[in-house]
Amino acid sequence: MSKKEAFIGSIDQGTTSTRFIIYDHSCKAISSHQTEFSQIFPQAGWVEHNPMEILESVRLCMAKAIDKATADGHNVDSGLTAIGVTNQRETTVVWSKSTGLPLYNAIVWMDVRTSAICRRLEEQFPGGRTHFVETCGLPISTYFSATKFLWMLENVEAVKKAVDSGDALFGTIDCWLIWNLTGGSGGIDPSKNSVVGLHVTDVSNAARTMLMNLKTLDWDKPTLEELGIPIEVLPKIVSNSEIIGNVANGWPTAGVPISGCLGDQHAAMMGQACRKGEAKSTYGTGAFILLNTGEEIIKSNHGLLSTVAYKLGPNAPMNYALEGSIAIAGAAVQWLRDSLGIIKSAPEVEDLAKKVDNSGGVYFVPAFNGLFAPWWKDDARGVLVGITRFTHKSHIAWAVLESICFQVNDVLDSMHKDSKEKAGKDVEFLLRVDGGASANNLMMQIQADLLGSPVLRPSDIETTALGAAYAAGLAVGVWTEDEIFSTEKRKEKAVTFHPKLQEEQRKKKSESWCKAVARSFDLASLSL
Ligand code: ADP
């Protein structure tokens with residue numbers, strides 16, 4: 001196969017929508033299709049997805065993207081070269097091996113129904129909340145898949161029965177997709193297809209379950225025993241870039257090898273080609289900042305999680321990462337649009353904020369459901385402080401953009417502290433940005449100003465799908481690691497935002513932000 005004929009498909013299965021993007025040999029997106037699917041809210045704090053609807057959304061996006069590419073004259077009919085998968089992390093599915101049907105809806109990452117289970121585990125184990133941190137890098141939290149699986153075991157009769165009888169399979173969304181794409185229960189088209197799905201996940205998704213040992217990159221038996229989870233229900237863990245299996249008949253991409261798989265934030269890191277010592281921040285609904293720490297697992301003393309970055313092949317070295325997650329980033333802009341109605345679309349926030357030169361001393365802390373990294377305060381709630389008769393809606397728009405950047409700054413500050421403690425000296429790193437909200441030039445300038453260091457935005461800010469395509473293409477020889485990580489390639493059409501703020505001003509702003517954050521604590525029980 002000549003490299004020039006290669007087309008790589010990328011399944012990007014996100015929290016609110018699914019996309020399929022086709023890239024050509026030069027990593028240019030030539031066709032894509034995106035579709036939203038149902039968000040199911042059975043009770044306050046509960047969020048579910050229908051796994052079958054997710055499968056159908058993937059099928060639709062594949063078919064439409066292939067049709068579009070063909071209509072535009074690209075020769076994709078003779079088959080894609082490979083497919084990569086990237087997905088919303090932590091969201092958990094349990095299904096029946098024999099029927100191929102889910103035994104319950106998928107419990108989504110942000111669902112907090114397992115808080116009672118988490119409290120129980122914290123009391124049960126001597127290490128409390130951090131009991132498993134040494135092994136998996138994560139604290140006990142509603143966020144991760146293990147507690148979601150425990151909830152199903154304790155509350156869904158069908159799950160319990162299937163686990164007892166050996167018919168249950170557990171997986172995150174990547175695993176559910178790959179099992180179905182590679183044949184499922186054999187039922188997609190029984191006449192032509194007797195292949196049974198491969199029960200496989202990758203290191204990055206496995207790292208978000210609380211069940212994988214970060215050092216051995218395998219399921220951790222003592223953890224499974226302590227939690228009462230049978231190893232038989234768990235998938236095999238593979239690297240992020242290797243041929244996993246071929247797509248079964250009945251799918252629009254039948255026969256194509258699946259050769260890349262990464263959780264969305266890890267895929268974004270790959271899409272940004274972040275090497276050791278490099279950090280990226282993805283600005284979407286929330287914001288997710290990951291620093292590649294190379295082959296070393298760094299334990300944070302400043303509120304961050306240890307996780308994996310990527311492993312580009314079965315025998316390739318593991319790159320680890322420090323991660324800080326922010327629950328509310330672009331969602332604060334949505335709030336301005338949908339709840340306050342002061343803008344009609346998210347991009348309008350930039351023009352509104354630009355009518356002034358600063359926030360006029362107004363600070364906004366979007367702690368709508370508490371604060372994640374590095375504060376970890378469940379009882380925090382949103383505050384808008386420093387308001388005077390002079391305050392205009394433009395100041396509020398500015399304060400909202402600034403609040404997103406301050407939160408990212410706090411995480412980076414923790415990363416700097418952890419890195420400094422490790423290296424014994426200051427460690428500088430350039431921040432690479434991506435995600436829908438990174439299109440906002442004013443916000444990116446504010447980010448560079450607050451950080452006091454440059455911010456680099458690549459020409460393609462949809463780095464998640466690109467990262468999965470990189471991993472898939474790498475495994476089948478469409479491109480090499482050197483090509484992906486080439487400095488020149490990464491600079492192509494990238495925009496750099498240089499800091500303009502004086503150090504003194506930066507310090508003062510940071511102190512004001514910290515005051516505002518402190519005001520947001522302990523507000524969860526304010527009376528109606
Ligand atoms: P997700 O993948 O989480 O759905 P996206 O990467 O698609 O998120 O980004 C969408 C988010 O970015 C929304 O929360 C939206 O409010 C915000 N957003 C989009 N464009 C802008 C903009 N120009 N300025 C600020 N926020 C924006």
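Here are a few friendly notes on one helix and on the ligand site of this structure.

1. Before you start: this is a predicted model, in which local features need pLDDT of at least 70, side-chain atom pairs count only at pLDDT 80 or more, and totals for chains, interfaces and linings use all residues. Residues are numbered from 1 along each chain as its sequence is written, and side-chain values use heavy atoms, with hydrogens and water left out.

2. Find helix H13, residues 441–451. Helices are DSSP runs of H or I with at least four residues, numbered from the N terminus. Because 10 of its 11 residues are buried, H13 is largely enclosed by the rest of the structure. Buried means under 20% relative accessible area (1.4 Å probe, protein chains only). Among the buried residues are Leu442, Gln445 and Asp449.

3. Now look at the two ends of H13. At the start, a side-chain oxygen of asparagine 440 comes to within 3.2 Å of the backbone nitrogen of leucine 442. After the helix comes glycine 452, with a positive phi near 75°.

4. Asparagine 440 also takes us to the ligand: an N or O atom in its side chain is 3.0 Å from a nitrogen atom of the ligand. A polar side-chain atom of glutamine 334 lies 2.8 Å from a ligand oxygen, and a backbone N or O atom of glycine 330 lies 3.0 Å from an oxygen of the ligand.

5. Which helix gives the largest share of the shell around the ligand? Helix H10 (residues 330–340) does, with four residues.

Key. Buried means under 20% relative accessible area, exposed over 50%, partly exposed in between (1.4 Å probe, protein chains only). A polar contact is a pair of N or O atoms within 3.5 Å; within protein, one must be able to donate a hydrogen and the other to accept it, and residues adjacent in sequence count only if both atoms are side-chain atoms.
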